[in-house]
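Try each task before you read its solution.

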Amino acid sequence: MHLSPMSQTSARDILESILGHLGFPFQIEETKRGDCIVLNIISREAGRLIGRDGHTIEDLQYLVNRLLHGVEDSPQRVIVDVEGYRQKGEIDFIVNIREVADRVRATGEPELLPAMNSYDRRLVHQALAEDAEITTRSEEGNARMKQITIELRRSRQLGDAQAATPAAAGTTSTAGGGEEEGATTLSTE
Amino acid sequence: MRHFLEFAIQRLVEHRDDVDITETADGKTVTYRVALHADDVGKVIGKHGRTISAIRSLLSAAGARTDTRVVVAIFESTGPAPSPEVVPAQA
């Protein structure tokens, strides 16, 4: 028999129950990021809660979302962090993405990133959304893990092509003026 | 740790009255045997074992504080015979 609807308890309540029942000392900072709730745990036992390579944080986050929504494969709308560990990782991640974008800018060659989940893909799209020369494009399909291509915006590609060095542009997509290669591939996920 | 297990299991299952958790300690090892209604076993284990793996991981992290190894065994209960020792999950 199902008693109360799962949604009546907040993500924060669930995280507090988990940590409290496990006996960890903690405080929680709650913030919003887009349509996600970020619950950052402050604890003198942060190391144990982070786990090796952050695996325990991943398990905490998975379980909070699982217990909150009551279904598997629910969107991970609640981000659980410990002492900003995940956020520091994200900063490094974005720095790396910008380095890839700079390489694409310099060479004109598109680059394909490793397959990643929707949260990380959104970080990539957001990191480069304002870039006048670079655009990002997710592969199509419903797979959970997808690859993103970082490439020059079409206006920049055309500019190169018109600069009397068409052969040196180095991109396959502009060779025949391929129209299907959209100029406005501002991906939204 | 037992309270955590009860909390998580009670939120995952449909047949809450059929949940029976027994705890045994042997030296530095604590074993929880969790009996569930047949329909709920898959919910607690999760796809590819993801859910039970997260539960075990958190119990291990908590157990490590006291140098305790925690084992969780899930099995199907034979009938709806709720044990009086099961504490209802907190709201």
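**Exercise 1. Is Glu58(A) buried, partly exposed or exposed, and which residue does Glu58(A) pair with in a salt bridge?**

Step 1. This is a predicted model, so we work from its computed values. Glu58(A) has a relative accessible area of 35%. Buried means under 20% and exposed means over 50%, so Glu58(A) is partly exposed.

Step 2. Now look for the partner. Glu58(A) forms a salt bridge with Arg86(A), and the closest N and O atoms are 3.0 Å apart.

Step 3. Glu58(A) sits in helix H3 of chain A and Arg86(A) in helix H4 (residues 85-107), so the pair links distant parts of the chain, 28 residues apart.

Step 4. Check the other end for cover. Arg86(A) comes out at 16% relative accessibility, so Arg86(A) counts as buried.

**Exercise 2. Find what surrounds Glu90(A).**

Step 1. Glu90(A) lies in helix H4 of chain A. With a relative accessible area of 10%, Glu90(A) is buried.

Step 2. Leaving out residues up to four places away in sequence, Glu90(A) touches Arg33(A), Tyr119(A) and Leu123(A).

**Exercise 3. Work out how the strands pair, and which strands of the three-stranded sheet in chain A stand at the edges.**

Step 1. Strands of a sheet pair through backbone hydrogen bonds, either parallel or antiparallel.

Step 2. Take the open sheet of three strands in chain A. Its order is S4-S6-S5, with antiparallel pairing. Strand S4 (111-112) and strand S5 (134-138) are at the edges with a single partner strand each, so one side of each is left without a neighbour in the sheet.

Step 3. Zoom in on one pairing. Two bridges join S4(A) to strand S6 (residues 148-152), and Glu111(A) stands opposite Ile150(A).

Step 4. Now compare a parallel case. Strand S2 (residues 36-42) of chain A runs parallel to S3(A), with five bridges joining them. Within this pairing, Ile37(A) has Val78(A) as its bridge partner.

Step 5. How covered is S3(A)? Five of the five residues in this strand (residues 78-82) are buried. Val78(A), Val80(A) and Val82(A) lie on one side, with Ile79(A) and Asp81(A) on the other.

Step 6. Finish in chain B. Strand S1 (residues 20-26) and strand S2 (residues 29-36) run antiparallel with seven bridges between them, and Thr22(B) stands opposite Arg33(B). The two strands form a hairpin with two residues between them, and Gly27(B) in the turn has a positive phi of about 60 degrees.

**Exercise 4. Describe the contact between chain A and chain B.**

Step 1. Count the residues: chain A gives 25 and chain B gives 27.

Step 2. Get the area. About 2500 Å² is buried between the chains, with carbon and sulfur atoms giving 56%.

Step 3. List the polar links. There are two salt bridges between the chains, including the one between Arg50(B) and Asp59(A), with the closest N and O atoms 3.1 Å apart. Ten residue pairs are in polar contact across the two chains.

Step 4. See what chain A brings. Helix H1 (11-22) and helix H3 (55-69) each supply at least two residues of its side, and H3(A) gives the largest share, eight residues. By type, the side of chain A that touches chain B has twelve nonpolar, six polar and seven charged residues.

Notes
Residues numbered from 1 in each chain as written. Chains lettered and ligands numbered in written order. Predicted model: local features only at pLDDT ≥ 70, side-chain atom pairs only at ≥ 80, totals over all residues. Heavy atoms only, no water. Contact = heavy atoms within 4.5 Å. Buried area = accessible area lost by both parts, 1.4 Å probe. Salt bridge = Lys/Arg side-chain N within 4 Å of Asp/Glu carboxyl O. Polar contact = N/O pair within 3.5 Å; in protein donor to acceptor, adjacent residues only side chain to side chain. Helix = DSSP H or I, 4+ residues; strand = E, 2+ residues; numbered from the N terminus. Nonpolar A, V, L, I, M, F, W, Y, C, P; charged D, E, K, R; others polar. Buried < 20%, exposed > 50% of the residue type's maximum accessible area, 1.4 Å probe, protein only. Pairing = 2+ DSSP bridges.
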